[in-house]
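Welcome, and thanks for taking a look at this one with us. Here is a short briefing to read alongside the model.

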Amino acid sequence: MYVNALGTALPEKRYTKGDCWEAFTASEWFGRLEPRSRAIAKLVLTRANGIDERRLSVDSLDEVFAIDPETLHRRFALHAPRLAAAAGAAALRRAAVTPEAIDAVIVTTCTGYLCPGLSGYVIERLGLRQDVLGFDLVGQGCAGALPNWQLASAMLHGSRCEHVLSVCVEICSASMYLDDDPGVLISACLFGDGAGAAILSRNRAADQRRVEWRETGSFIDTRERDALRFEHRGGMLRNILTRAVPTLAAQHAEHVLAKTLERVELKRDQINGWIFHAGGRDVLIALEERLRLPPEALRHSRDALRQYGNLSSAFVYFVLDAALADGAPGGWWWMSAFGAGFTCHGALLAVE
């Protein structure tokens with residue numbers, strides 16, 4: 001399988017940490033939360049946390065604090081199809097692939113639910129064929145991009161598909177929740193909205209940089225399910241984020257990497273490029289320490305986190321796109337994402 005093009009899409013409105021702190025202090029929520037909770041939010045939003053700004057699908061930050069099931073669902077239903085289709089259209093343009101050439105579309109999200117699913121909206125907005133295969137993957141959290149590509153790889157190895165459109169879209173502002181739990185508060189300060197897409201093909205496009213999917217690995221540790229997950233409360237998604245997440249992410253990332261490299265008989269020092277989901281600043285630090293990586297190895301992940309915040313499943317599309325645009329040296333690249341479950345997935349890419 002070849003990654004013949006990537007596309008990304010973001011909301012128009014950009015908000016800095018300072019903007020978010022100012023809006024929070026002006027909201028009625030500021031007085032409703034305990035003093036300790038206000039102190040936690042201030043610490044995250046006014047000190048270095050690896051994030052400078054985020055894109056959110058709201059016209060003003062006042063809207064963020066209107067937290068009720070109907071408002072949040074409307075936000076997802078309006079913006080998820082729009083961003084998913086915009087990212088897909090960008091990928092189609094860059095790959096010089098016509099909509100009629102797409103044989104399957106796979107759409108991943110965890111921040112909302114539609115039935116019929118998002119795949120139908122993407123098919124409609126991009127003018128894909130009516131007999132295109134459509135798949136909607138949900139509930140995989142920040143790790144969702146890699147299972148999306150694993151399914152695409154399986155389909156391309158069959159006889160049915162030549163080109164698969166992969167899309168991950170997250171409207172994290174549609175899963176906003178506030179209470180006095182520290183994990184909930186930190187989540188509200190970390191996540192942004194965005195979408196990533198890829199044209200995944202059986203054959204390499206002649207005019208594109210060669211990015212070939214060679215091997216993949218996964219690990220699902222159900223014992224740690226409650227360390228990072230969504231729950232439903234009051235008809236809304238509430239994120240459970242625990243202190244164990246950075247350590248778990250690093251441990252599982254190392255495990256998947258080691259097992260995959262063992263299968264293909266490669267050594268870790270043969271990896272030239274690192275495409276990691278960031279999670280947050282502390283997750284990147286834990287990855288660097290566990291994998292013994294220099295800070296520059298994760299610069300593209302760190303840059304994406306600084307500019308966009310945690311985009312959940314869409315994040316790794318932005319990191320891979322930035323690394324390719326930056327002309328990062330080819331060779332073996334490792335792409336990995338982790339999230340709810342606790343799950344971790346990785347893929348070995350051959351890049352020229």
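Predicted model: local features only at pLDDT ≥ 70, side-chain atom pairs only at ≥ 80, totals over all residues.

**The cavity**
- Searching the whole structure turns up one cavity of 30 Å³ or more, and the largest cavity has a volume of about 170 Å³.
- Its lining has 15 residues, with Cys20, Phe24, Leu45, Phe65 and Ala188 nearest the centre.
- Helix H1 (17–26), helix H3 (35–46) and helix H7 (182–190) each give two or more residues to this lining.
- By type, the lining residues are 14 nonpolar, no polar and one charged.

**Aromatic residues**
- The structure has eight aromatic pairs.
- Tryptophan 274 and phenylalanine 276 are stacked, because their ring centres are 6.1 Å apart and their planes meet at 5°.
- Tryptophan 274 is buried at 8% relative accessibility, and phenylalanine 276 is buried at 0%.
- Tyrosine 308 and phenylalanine 318 make a tilted pair, 5.1 Å centre to centre with 55° between the planes.
- That pair joins helix H10 to helix H11 (residues 315–325); tyrosine 308 is buried at 17%, as is phenylalanine 318 at 7%.
- One aromatic cluster is made up of Trp21, Phe24, Phe30 and Phe65.
- Arginine 38 sits over the face of phenylalanine 30, 5.2 Å from the ring centre, while arginine 32 sits over tryptophan 29 at 3.9 Å.

**Helix H9**
- Within H9 (residues 281–291), the buried residues are Val283, Leu284, Ala286, Leu287, Glu288 and Leu291.
- Their cover includes helix H8 (245–264), strand E11 (271–276), helix H10 (299–308) and strand E12 (331–339).

Methods: Residues numbered from 1 in each chain as written. Heavy atoms only, no water. Buried < 20%, exposed > 50% of the residue type's maximum accessible area, 1.4 Å probe, protein only. Helix = DSSP H or I, 4+ residues; strand = E, 2+ residues; numbered from the N terminus. Contact = heavy atoms within 4.5 Å. 1 Å grid on protein atoms, 1.4 Å probe; cavity = no way out; pocket = protein on both sides within 12 Å on 5 of 7 lines; lining within 4 Å. Points joined across faces, edges and corners; volume = space filled by probe spheres on them. Nonpolar A, V, L, I, M, F, W, Y, C, P; charged D, E, K, R; others polar. Phe/Tyr/Trp six-rings, centres within 6.5 Å; stacked < 30°, edge-to-face > 60°. Lys NZ or Arg CZ within 6 Å of the ring centre and 35° of its normal.
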